[in-house]
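I opened a new model today and kept notes as I went. Here is what I looked up, entry by entry.

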Amino acid sequence: MPGKPAPIKKSPAKKAAKKAPEASPVEAPPVEAAPVEAAPADAPPAESAPADAPPAEAAPADAPPAETAPVEAAPAEGEAAPAAEGLVDGPTAEGVTPAVPAEAALVEEPAKAPTPPPPAVPTSPPLDVSVDDVNDSSLTIKWNAPHSIGDSGLDGYLVEYCKDGTTDWVVAQEELSPTNVYCIKNLSCCDVLHVRVVAVNRGGRSEPGSLAEPVLIREVAERPKIRVPRILKSCLVKQVGEQINLVIPFLGKPKPVVSWLKDGQPVDTRVNIRNSHKDSIMFIRSAQREDSGTYEITVKVDSFEDKATIALQIVDRPGSPANVKLVDTWGFNAALEWSPPKDNGNTEITGYTIQKADRKTGVWFSVLENYHRLTATITDLIMGNSYSFRVFAENQVGVSETSAVTKGVATIQKTGIVYKAPEYPERDYSEAPRFTTPLTDRAATVGYTTKLLCSVRGCPMPKIEWLKNKVIIGDDPKYRQNSTQGICSLEIRKPCCFDGGVYTCRAKNEQGEAAVSCKLQVKQVVLPVADKEKGK
């Protein structure tokens, strides 16, 4: 009997295709194994054994990586369809692989449209177009980059010129200039040219930047150069009423054109300007505060010019301080405060002078000078007097002509005061006698007066006694005793051999006594025998 036909089963390839999105990270690598071609080699028994699950259908199940790999690679890289076509062209796909491209096509995402680039915009016009050099046949100009360039960038610059009185603009160069300096050559001498510069980029031409005045094409003998004196390089300070005479030398040929401005405006008619071919003099006979400011001198030769600025400050005495107040009075003190003057004399305030006046006399005395604070305490006021105070402001010119006086009066009240003399402890200066210079042994000659000296101190002043061989000398006329300011002396008049011995000086007071001694030796002069005979 013929065997029953095998039951129809769904293709494993379709099941694998449905599961492919979940298994794609794991099964994508085995694409290179290509077991699709090996499946037919193991599947010949497909027709001879229908009862055993045909190998034709089992073969794809045994090689899922070959069929699933193209399907799973499609959503990952977007190139699964060409890989699937390569598999269909294989020798034996058994009609199963054509389903792979159809499934892969459903997984692809549509491509996004590219972002359009921003529209190209021209730059702003070039800045500060000026003449750098000129001669009989060429003109060199320079400029600064535009303030705003934008995303379109900057390709370069075009320089154009036209003669004065015409509107025919001529492009000076064949290619765009990448630098900010350009020399226009082959010009005719004595022509008057207008020049402009245009910036170019993808957005087109910018607005032109032009020279302020037309340029005369001719050789300049010497460019203008201002030589500002050193004293004028810093701010020049003058007092009101002083004379101002500023001499500003300069160079330039032919004769330059000189102009003056004050704070951007023409100078006042009070300011006298005298120009020569080598200098310019500004003269003000009597300076006033309104003459302060910044003066600008411009020296111009054709299209070239040089500028210099001079700062002038006219100063005067300040006004009086404002709002002087007597804040408080206590004891012998008074506290004041005030505000800076409204008019500082066009210079900073350097200090204040405070004065006081007794209401009885009305005479003003300076209490503080060059004082820098806005508050002050006046001390050492006299009890029972009333005082007024005034304040002057000071600057580098001097003291203000007027002052601000306090409205109130500081009265120092009388208070009962009992004087108590200080008590000083008494010091005991008493001291026992003490010899500071002792007696010394001496030798005297018969008939020649000699003197013994010593010094003693003590409090109260000690009583001095002289002794010879422990016997008080007393009032013996042969001896003269003296004691002055602690210096004790004993004069022995024309001593003889019997006056030798031990002399003692003894000092005694209530605190005790002291004594010093010395030995006096009186020698006899021995004459030779010949001298004795002569004497006879």
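Predicted model: local features only at pLDDT ≥ 70, side-chain atom pairs only at ≥ 80, totals over all residues.

**Entry 1: a serine in a loop**

I started with serine 124, which sits in the loop between helix H6 (99-107) and strand E1 (127-134). What does the side chain of serine 124 reach at 2.9 Å? I found the backbone nitrogen of serine 148 there. The backbone nitrogen of histidine 147 also turned up, 3.1 Å from a polar atom of the serine 124 side chain. Then I listed the contacts of serine 124, skipping its neighbours within four places in sequence, and got Pro146, His147, Ser148 and Ser206.

**Entry 2: the largest pocket**

Next I went looking for open space. I put the volume of the largest pocket at about 380 Å³. Its lining takes in 16 residues, and those nearest the centre are Ser130, Val131, Ser303, Phe304 and Glu305. Which elements give two or more residues to this lining? They are strand E1 (127-134) and E18. E1 gives the most, with 4 residues. I also sorted the lining by type: 7 nonpolar, 2 polar and 7 charged.

**Entry 3: the sheet with E18 in it**

E18 made me curious, and I followed it into its sheet. I found 5 strands in an open sheet with mixed pairing, in the order E11-E18-E17-E13-E14. Strand E11 (236-239) and strand E14 (265-266) are the edge strands, each pairing on one side only. I then checked how E17 and E18 run. Strand E17 (residues 293-301) pairs with strand E18 (residues 304-315) in the antiparallel sense, over 9 bridges. Across from leucine 312 in E18 I spotted glycine 293.

**Entry 4: strand E3 and its partners**

Is strand E3 (residues 156-163) mostly covered or mostly open? It is mostly covered, as 7 of its 8 residues are buried. E3 runs antiparallel to strand E6 (residues 192-201), and 8 bridges join them. Glycine 156 is opposite valine 200 in E6. E3 also pairs with strand E4 (residues 170-171), again in the antiparallel sense, over 2 bridges. There, tyrosine 161 has valine 170 of E4 as its bridge partner. How many residues lie between E3 and E4 in their hairpin? I noted 6, and glycine 165 in the turn has a positive phi of about 95 degrees.

Technical notes. Residues numbered from 1 in each chain as written. Heavy atoms only, no water. Pairing = 2+ DSSP bridges. 1 Å grid on protein atoms, 1.4 Å probe; cavity = no way out; pocket = protein on both sides within 12 Å on 5 of 7 lines; lining within 4 Å. Points joined across faces, edges and corners; volume = space filled by probe spheres on them. Nonpolar A, V, L, I, M, F, W, Y, C, P; charged D, E, K, R; others polar. Polar contact = N/O pair within 3.5 Å; in protein donor to acceptor, adjacent residues only side chain to side chain. Contact = heavy atoms within 4.5 Å. Buried < 20%, exposed > 50% of the residue type's maximum accessible area, 1.4 Å probe, protein only.
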